[in-house]
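Subject: Two-chain model for your review

Hello,

Here is the structure I promised to pass on. Please load it first, then read my notes below.

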Amino acid sequence: MMHRLPSYVMNQPARGSLLSIELLEDKEILSLLKLARRMNPLKARPLLRNRRVVLLFYEASTRTRSSFEIAAKSLSAITTLVQSSGSSIEKGESLLDTGYTLRAIGADAIVIRHPAAGAPHLMAKHLDIPVINAGDGMHEHPSQALLDAFTILKHKKSLKGLQVAIIGDIYHSRVTRSNCHLLTRFGAKVTLCGPPEFVPDIAATLAPGLRVTRHLEEALRGADVIMLLRLQKERLAGQRIRLQDYIARYQMTAARVKLAKRDAIVMHPGPIIRGLELTEEVADGPQSKIIDEVHNGVPTRMAILAWALGRAK
Amino acid sequence: MADDKSRTRSLLIKGGHLIDPAAKINAPMDILLRDGRVAEIALPNKIRGSADEKFEARGLIVAPGFIDLHVHLREPGQGYKETIASGTAAAAAGGFTSVCTMPNTSPVVDNPEWVEWLKHPGRGALVNVFPIAAATLNSRGAALTDFAALQRAGAVAVTDDGKPILDDEIMRAALRLGAELNLPVVQHAEDTRLTENASMNEGPTSFRLGLRGMSAAAEANIVDRDVALAQQIRESRLHVAHLSTAEALKAVRRGKRGVHNARVTCRVTCEVTPHHFTLLDENVGEYDTNFKMNPPLRSASDREAILVALADGTVDAIATDHAPHATHEKQVEFERASFGITGLETALALAITKLHREQEIALTRIVELFTAGPARVFDLRGRGSLVRGHFADVTIFDPKKRWTFEAAKSRSLSHNTPFDGGQFTGKVVATIVGGKMVYRAG
């Protein structure tokens, strides 16, 4: 290439920013997981006393928002929630101006969820405080991938050689993109499964060793981990998928779970829609770790916040 | 501009190497310009007439003035992005002596009054401005504009650039009317039914970034349809703007081969931008909005096909699609950022660096793509070649000069370029419009 690509480019994100799994180094992922194992929300040291964490949410969220908030408060941080409705965002303030405003108020870190892919990157390039991605459009959801790895490792010895089937709306899923990066990096064999509208062939290019199949049986055979995804109706612009067809071919039923290894675990980033991507029986069954995932979200996010604010000791 | 009193009456360009593909000249030649026209072309030291001024062009290439078929100068209505004065200053610095302006301004240039306004000396243009008018009223794609009146006012083509003419019947009617008037219809080929909310090329990079992608088919479908329509209409003229995919090139090739029914002769032409022959979709990196434009940067195989088509003659012109935007329109979420990049000042450098030095395409072909090629596409008479009596529009450049482009020093009001800090070979040294020097490298 004859010209160097943008030299002027953008400032580096502040140390401690968590923008994506893809940009994390292996050793950073390992130390975050290690740190998460040492975190206990009920017996936490006040690592973040007097530190201000702003939760900036441009999209609805139950799990992620409340677990980041509880994580921050468990570490004695001061938290403020800013949502797009009821703030100046409604009046047309740009993302960067909102960022500058929050910085001026004294934010030490910003946790951001945004419907546009790359929004946390934009903010991180222009602010000198850590920016933590709590889900950006269809791009990534790094804290979810970390808590999923945390959850898997509570039940499996190692990620290496693990067979993971991810089933459902891969295309719209930021959770899947983050999980694919993390799991394949540590040697898991990941199979993506669903109809072409949800799992385009191109999905296999995301990370080395990814496989795509349309056949649920093929994805489940020998699986150690079954990850299910919600059908994201809010992102289905222009897609024509008949729910009944999807349920017939891909819904996770108790009978289908039996195709996987006997000790396979069933995961789902939530919110789950019972009767759609999985049956009641599977959601509440003995192999389901869906509630564990939510539970593990708190120590994982405590680790992320402590790391972001330089208190990861 | 031809009446500008400050113009030097005569100018002798001495000692340069003339490349004039239309005249089939590729040799050392001296050129005498007088009263806005080419007065004489002769072997070195053979010009007898005297000149008020001399330009020493030793070691430099002298070429017909470059013509850009596709620029957005943003006036009327969006002077905060660019003005005709600032945009044509950038054009002059890039070696362009003529620019064709796109009508998607505010308001849209869909009537003769706005065409005349664009051409008015009061706009302060440094180079020739050839307006392209809207093909449909307000570019809504519903009712054709008055092509004849627009042409009389000075429009050199019609288009709804920024969006396509989707409706088959409207496109057919536009090509028919264009055929009657010998007026090219320029199409921004994008099936917008397939590109809703998309912000980059569809491929591994868009999947990785979680961005909705524009497929190659969304471009090719429209070019396919347009070529098929053009081939049914005698004397029709279809020009495909900023072509970006291998699939669309196939359709253009089909259009250029013509049809079996020899009575139907249509002219299908196309242009390619420097960024599409230089960059790939993966260069978007981590959401750099200076790599966001429409059509988007494409895959390596698309770029490969474009490079072949530039070399083999399928592509008629290099056009910049110069699309200035203010910082606040680019420093936003990628999906919300405006499409487009500036391009006037880097076009020649990219062509020489990428096409000539890397791809070994001859300089004569590159000059053709900036001169005779575009002049033919819009029938710009007296331009694109330096024969006696033609307009004294000349571009002089140093094909070996190494330099670094700095966006902050751009003459454009906007700095939305992916090439800031780019190191190039090939630089414009002087730009002459109607015999008057409008740019001289410092």
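In chain B, Ile13(B) stands opposite Ile31(B), a residue of β4(B). That pair belongs to a predicted model, so please read everything below as computed from a prediction.

**Confidence**

The model scores are ipTM 0.94 and pTM 0.95. Chain B has a mean pLDDT of 96. In chain B, 97% of the residues reach 70 or more.

β1 of chain B covers residues 10-14, and β4 of chain B covers residues 30-34. The two run antiparallel and are joined by four bridges. Both sit in an open sheet of four strands. The order in that sheet is β5-β4-β1-β6 (chain B), and the pairing is mixed. Which strands form the edges? They are β5 (37-42) and β6 (53-56) of chain B, and each pairs on one side only. On average, neighbouring strands of the sheet are turned by 20° against each other, direction ignored.

Strand β2 (residues 17-20) and strand β7 (residues 61-64) of chain B run parallel, with two bridges between them. His17(B) stands opposite Ile61(B) of β7(B). β7(B) also pairs with strand β18 (residues 394-404) of chain B. That pairing is antiparallel and has four bridges. Here Val62(B) stands opposite Ile396(B) of β18(B).

**Chain B as a whole**

Chain B contains 13 helices and 20 strands. Its C-alpha atoms fill a box of roughly 60 × 50 × 40 Å along the principal axes. How does the radius of gyration of chain B stand against that of a compact globule? For 442 residues, a compact globule would be near 22 Å; chain B has 21 Å, so the two agree.

The contact between them takes 30 residues from domain 1 of chain B and 43 residues from domain 2 of chain B. On the domain 1 side, β18, β19 (423-433) and β20 (436-440) of chain B each supply at least two residues. β19(B) gives the most to that side, with seven residues. By class, the domain 1 side divides into 16 nonpolar, eleven polar and three charged residues.

**Chain A as a whole**

Chain A comes to eleven helices and nine strands. The box filled by its C-alpha atoms is roughly 55 × 50 × 45 Å, again along the principal axes. With 313 residues, a compact globule would have a radius of gyration near 20 Å; chain A has 20 Å, so this agrees as well.

Chain A is also divided into two domains. Domain 1 is 26-140 + 295-306, and domain 2 is 142-293. The centres of the two domains of chain A, over C-alpha atoms, are separated by 26 Å. In the contact, 20 residues of domain 1 of chain A meet 19 residues of domain 2 of chain A. Which elements give two or more residues to the domain 1 side of chain A? They are α1 (26-38), β4 (131-136) and α11 (290-308) of chain A. α11(A) gives the most to that side, with six residues. By class, the domain 1 side of chain A has seven nonpolar, eight polar and five charged residues.

**Where the chains meet**

The contact between the chains takes 28 residues from chain A and 30 residues from chain B. On the side of chain A that touches chain B, the elements giving two or more residues are α3 (95-105), α4 (119-126) and α6 (174-185) of chain A. The largest share comes from α4(A), with three residues. The chain A side divides into 16 nonpolar, nine polar and three charged residues.

Best wishes

Terms used:
Residues are numbered from 1 along each chain as its sequence is written. Chains are lettered from A and ligands numbered from 1 in the order in which they are written. This is a predicted model: local features need pLDDT of at least 70, side-chain atom pairs count only at pLDDT 80 or more; totals for chains, interfaces and linings use all residues. pLDDT is the predictor's confidence in each residue, from 0 to 100. Two strands pair if DSSP finds at least two bridges between them. Axes are lines fitted to C-alpha atoms, for helices over the stretch in contact, and angles run from 0 to 180 degrees between N-to-C directions. Two residues are in contact if their C-beta atoms, placed from the backbone, lie within 7 Å. Ala, Val, Leu, Ile, Met, Phe, Trp, Tyr, Cys and Pro count as nonpolar, Asp, Glu, Lys and Arg as charged, and the others, Gly among them, as polar. Domain bounds come from an automatic or database domain assignment. The radius of gyration is taken over C-alpha atoms; the globule rule is 2.2 Å times the number of residues to the power 0.38.
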